[in-house]
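Colleague: I am new to this structure and would like to learn how its features are read. Could we go through them one at a time?

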Amino acid sequence: MLRTLFSGARDAVARVLIPDAAATARKAWSLRLIELAAVTDIILNVVPAVSDFLPWWLTLVLLVGAWIARHLIQNKEAPVADK
């Protein structure tokens, strides 16, 4: 019974906060690039042997790409809310 209650509440909150979460996740390139930058930064700091192959500025390039994706590309797309 609790599982049904919690899953119903989770679905209701998801519908209210993000009406079309699947479409939002498919178009969220900025989020993907930020996650990739975080993973790259963690790998560069945790595994010193990898720093010979990956440049230190790769994280910065990914973050700039995320900024470009957020401000230039995603703003051109039509909003899907209230359909």
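Modeller: Helices (H or I, at least four residues) and strands (E, at least two) are DSSP runs, numbered from the N terminus, and threonine 59 has its place in helix H4. This is a predicted model, in which local features need pLDDT of at least 70, side-chain atom pairs count only at pLDDT 80 or more, and totals for chains, interfaces and linings use all residues. Residues are numbered from 1 along each chain as its sequence is written, and side-chain values use heavy atoms, with hydrogens and water left out.

Colleague: Is threonine 59 buried or exposed?

Modeller: Buried means under 20% relative accessible area, exposed over 50%, and partly exposed in between (1.4 Å probe, protein chains only); threonine 59 counts as buried because its relative accessibility is 11%. Isoleucine 68, also placed in helix H4, counts as partly exposed, at 35%.

Colleague: At what angle do H3 and H4 pack?

Modeller: Axes are lines fitted to C-alpha atoms, for helices over the stretch in contact, and angles run from 0 to 180 degrees between N-to-C directions. Helix H3 (residues 29-46) and helix H4 (residues 58-73) pack at about 170°, with axes 8 Å apart, which means that H3 is roughly antiparallel to H4 (under 35 degrees is roughly parallel, over 145 roughly antiparallel, 65 to 115 roughly perpendicular, the rest oblique).

Colleague: Which residues does threonine 59 contact, leaving aside its neighbours within four places in sequence?

Modeller: Contact means heavy atoms within 4.5 Å, and with those neighbours left aside threonine 59 is in contact with Ala37, Thr40, Asp41 and Leu44.
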